[in-house]
Amino acid sequence: MTKAVLFDLDGTLFDTSEGIFHTANFTVAKLGLEPCYDERQLRKFVGPPLKDCFRIVYGYTDDALLSQCVHVYRQEYRKTGMHLCHMYDGLYELITQLRDRGIKTGVCTLKYETLAKLIFEEKGISPLLDTVRGTDESGKVTKAECIRRAVSDFAIVPSQALMVGDTVNDLKGAEEAGVPFLGVSWGFGFEKGERLPYGSLIDRPEEVLDYL
């Protein structure tokens with residue numbers, strides 16, 4: 001029996017693309033480098049840890065440069081990027097319905113945990129979340145660790161939780177943590193009709209209720 005549902009933030013619970021894309025290109029421009037205007041490439045910025053995002057999207061390999069990117073990105077995201085987002089249609093209603101059924105709800109994200117909480121406070125949904133787990137300043141917290149911490153917060157076993165996410169990072173984190181997984185096709189990673197190596201894929205938020 002599922003006792004808690006955990007959502008990824010970027011591309012699952014919120015469409016954060018405008019803020020993320022703006023902040024990524026602001027960062028590289030501030031460092032005197034060439035921005036990227038290919039949205040398909042920029043979409044790869046969502047999911048992995050920040051350093052990996054700059055490696056994947058812009059091709060940077062120098063660790064000192066990558067650290068600079070992360071520092072500038074976090075400053076600008078807190079100033080501007082975090083405000084440029086909105087909840088996907090149907091997600092507020094889904095979380096409300098889950099809670100009406102007595103199911104706990106939370107978020108597991110590789111976004112800096114403090115920023116994630118600030119976003120939820122600003123958008124007025126903090127009261128709907130029983131826990132929020134994200135990465136720290138070092139960015140070394142993995143997705144699986146975020147999920148394990150959330151499961152521990154609920155004092156349940158992994159099989160009693162469900163992770164909902166839009167990228168392979170969410171899938172792998174759930175699998176590593178031993179938590180069932182539902183992928184979503186409305187975010188930045190999975191496409192409609194895609195067959196996942198772990199868990200199932202849904203196209204609409206209400207399908208979470210069908211699964212349960």
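Helices, in what follows, are DSSP runs of H or I with at least four residues, and strands are DSSP runs of E with at least two, both numbered from the N terminus; axes are lines fitted to C-alpha atoms, for helices over the stretch in contact, and angles run from 0 to 180 degrees between N-to-C directions. The model is a predicted one, in which local features need pLDDT of at least 70 and side-chain atom pairs count only at pLDDT 80 or more, while totals for chains, interfaces and linings use all residues. Residues are numbered from 1 along each chain as its sequence is written, and side-chain values use heavy atoms, with hydrogens and water left out.

Six strands form an open sheet in the order 5-4-1-6-7-8, with parallel pairing (two strands pair if DSSP finds at least two bridges between them). Strand 5 (131–135) and strand 8 (200–202) are the edge strands, each pairing on one side only, and neighbouring strands of the sheet are turned by 25° against each other on average, direction ignored. Strand 4 (residues 104–112) pairs with strand 5 in the parallel sense over four bridges, and Val107 has Val132 of strand 5 as its bridge partner. Helix 5 (residues 91–100) packs on the sheet, where it touches strand 1 and strand 4, and its direction makes about 160° with that of strand 1.

Within the sheet, strand 6 pairs in the parallel sense with strand 1 (residues 4–7) over four bridges, with Val5 opposite Leu162. Three bridges join strand 6 to strand 7 (residues 181–184), again running parallel, and here Val164 stands opposite Leu182. Five of the five residues of strand 6 (residues 161–165) are buried, so the strand is largely enclosed by the rest of the structure (buried means under 20% relative accessible area, exposed over 50% and partly exposed in between, with a 1.4 Å probe and protein chains only). In a regular strand the side chains alternate between the two faces of the sheet. In strand 6, Ala161, Met163 and Gly165 point one way and Leu162 and Val164 the other way, and all are buried.

Helix 7 (residues 143–154) and helix 8 (residues 168–177) pack at an angle of about 55°, their axes 8 Å apart, which makes helix 7 oblique to helix 8. Lys143, Ala144, Ile147 and Arg148 of helix 7 meet Asn169, Asp170, Gly173, Ala174, Glu176 and Ala177 of helix 8, a contact with four nonpolar, two polar and four charged residues.

Key
Angles under 35 degrees count as roughly parallel, over 145 as roughly antiparallel, 65 to 115 as roughly perpendicular and the rest as oblique. Contact means heavy atoms within 4.5 Å. Ala, Val, Leu, Ile, Met, Phe, Trp, Tyr, Cys and Pro count as nonpolar, Asp, Glu, Lys and Arg as charged, and the others, Gly among them, as polar.
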